[in-house]
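Me: I have a structure open and want to learn how to read its features. Please take me through them one by one.

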Amino acid sequence: MHVVVTGAAGFLGQKIIKALADRGTIGDTDGAQQPITGFKLIDVVAPKFAPSGAKVLIGDLSSPNFIAEAVLAEATHVFHLAAVVSGQAEADFELGMRVNIDATRALLENLHRGGQVPRLVYPSSIAVFGHAPDIIGDETATLPNSSYGAQKAMSELLINDMSRRGFIDGVSVRVPTVMVRPGKPNAAASSFASSIIREPLAGRAAVCPVSTDLAMWVSSPQTVCANLIHAADLASGALDFPRMINLPGLSVEVAEMISAAERAGIDTSFISFSSDPAIDAIVRTWPQHLDTVRVKRLGFVVDQDIDAIIREHQQHRLAHG
């Protein structure tokens, strides 16, 4: 089994690579675990961690010359994590299209030309929905209200059609807001959900740009990582069409996040509130409740509660600083 990870230097990319390197196996088309024989890691910068023997390619997937040289014919599994995040895609339409659409299509065409039918795991987003019914199912129509959501929805359709035609064996998994992300705030519209926990824990100020009654569909980094790997492990026969899956999550109001932080001993006086209409306009259109019957039947997992998510981050900070 040969695993390709795009966006390999990113937060989730590094977690997936480390988890797979530690485990040493991944599921074949029948769902049976087989040894991983190699990694190919792709990003615009070098990843901090790479397994022994991994091939690292540094470049832009949307560049025709780079993608032609990538030669992904040996790939049996691909985690396509490279992306421009929500707030950045809204601020820079051309960049979002180039990375989220052009690079994705170039990657898929490269895989198709390789002659194999690799399992492709594509982290999509609940942002594909926009204004939608109170409860979202896997087949709820996508009506995105952001450029990021539209770009993710277009990529989902392309992956679904190429899987239908047998060119790839793809699955798009719609990822909840990931909290608590370590490191620094990024350009994602949902970045504040991590900031209001992470920064006060470190004794730094954080700004909440939305009202505290806003509910968000969230999941911890560890659970998202486990679910992305599970999507790669599933037998092809277990995945019906459409090849889009809503990952499990928790519906949590911002006020509940802050209360859980206080229960965890975090000084929430570091949090201030300053409405940001641009962020509110994006985040408020994302679904707050999703039907997870299908994904739980397929073996995907969910966090216990918001307190467990915060405890996980506290433990990560103690272990890694």
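Predicted model: local features only at pLDDT ≥ 70, side-chain atom pairs only at ≥ 80, totals over all residues.

Me: How do I read a helix pair?

Reply: Two packed helices are described by the angle between their axes and the distance between the axes. Helices here are DSSP runs (H or I, at least four residues), as are strands (E, at least two), numbered from the N terminus. Axes are lines fitted to C-alpha atoms, for helices over the stretch in contact, with angles from 0 to 180 degrees between N-to-C directions. Now take helix α4 (residues 93-113) and α5: they pack at about 10 degrees, with axes 9 Å apart. That makes α4 roughly parallel to α5, given these classes: under 35 degrees roughly parallel, over 145 roughly antiparallel, 65 to 115 roughly perpendicular, the rest oblique.

Me: Which residues make the contact between α4 and α5?

Reply: Contact means heavy atoms within 4.5 Å. On the α4 side, the residues include Phe-93, Met-97, Ile-101 and Leu-108. On the α5 side, Tyr-148, Met-154, Leu-158 and Met-162 are among them. By class, the contact of α4 with α5 has nine nonpolar, seven polar and one charged residues. Ala, Val, Leu, Ile, Met, Phe, Trp, Tyr, Cys and Pro count as nonpolar; Asp, Glu, Lys and Arg as charged; the others, Gly among them, as polar.

Me: Is Met-154 buried, partly exposed or exposed?

Reply: Start with the scale: buried means under 20% relative accessible area, exposed over 50%, partly exposed in between (1.4 Å probe, protein chains only). Met-154 has 42%, so Met-154 is partly exposed. Met-154 is found in helix α5 (residues 147-164). Leaving aside neighbours within four places in sequence, Met-154 touches Met-97 and Ile-101. Its C-alpha is separated by 9.1 Å from that of Val-128, 26 residues away along the chain.

Me: How do α1 and α7 cross?

Reply: Helix α1 (residues 11-23) and helix α7 (residues 221-233) have axes that come within 10 Å and cross at roughly 60 degrees. That makes α1 oblique to α7. The crossing is right-handed. A crossing is left-handed if the near helix is turned anticlockwise from the far one by less than a right angle, and right-handed if clockwise. Phe-11, Ile-16 and Leu-20 of α1 are among the contact residues, as are Val-224, Leu-228 and Asp-233 of α7. The contact of α1 with α7 counts 10 nonpolar, one polar and three charged residues.

Me: How covered is helix α6?

Reply: Mostly: 10 of the 11 residues in α6 (residues 191-201) are buried. Phe-192, Ile-196, Arg-198 and Glu-199 are among the buried ones. Just after α6, Gly-203 takes a positive phi of about 80 degrees.

Me: At what angle do α6 and α11 pack?

Reply: About 40 degrees, with the axes of α6 and α11 11 Å apart. That makes α6 oblique to α11. Ile-197, Arg-198 and Leu-201 of α6 meet Ile-310, His-313, Gln-314 and Arg-317 of α11. That contact of α6 with α11 has three nonpolar, two polar and two charged residues.

Me: What does Gln-314 touch?

Reply: Not counting residues up to four places away in sequence, Gln-314 touches Leu-201, Ala-264 and Ile-266. A polar atom of the Gln-314 side chain lies 3.1 Å from the backbone oxygen of Ala-264. Gln-314 is found in helix α11 (residues 306-320). At a relative accessible area of 19%, Gln-314 is buried.

Terms used: Residues numbered from 1 in each chain as written. Heavy atoms only, no water. Polar contact = N/O pair within 3.5 Å; in protein donor to acceptor, adjacent residues only side chain to side chain.
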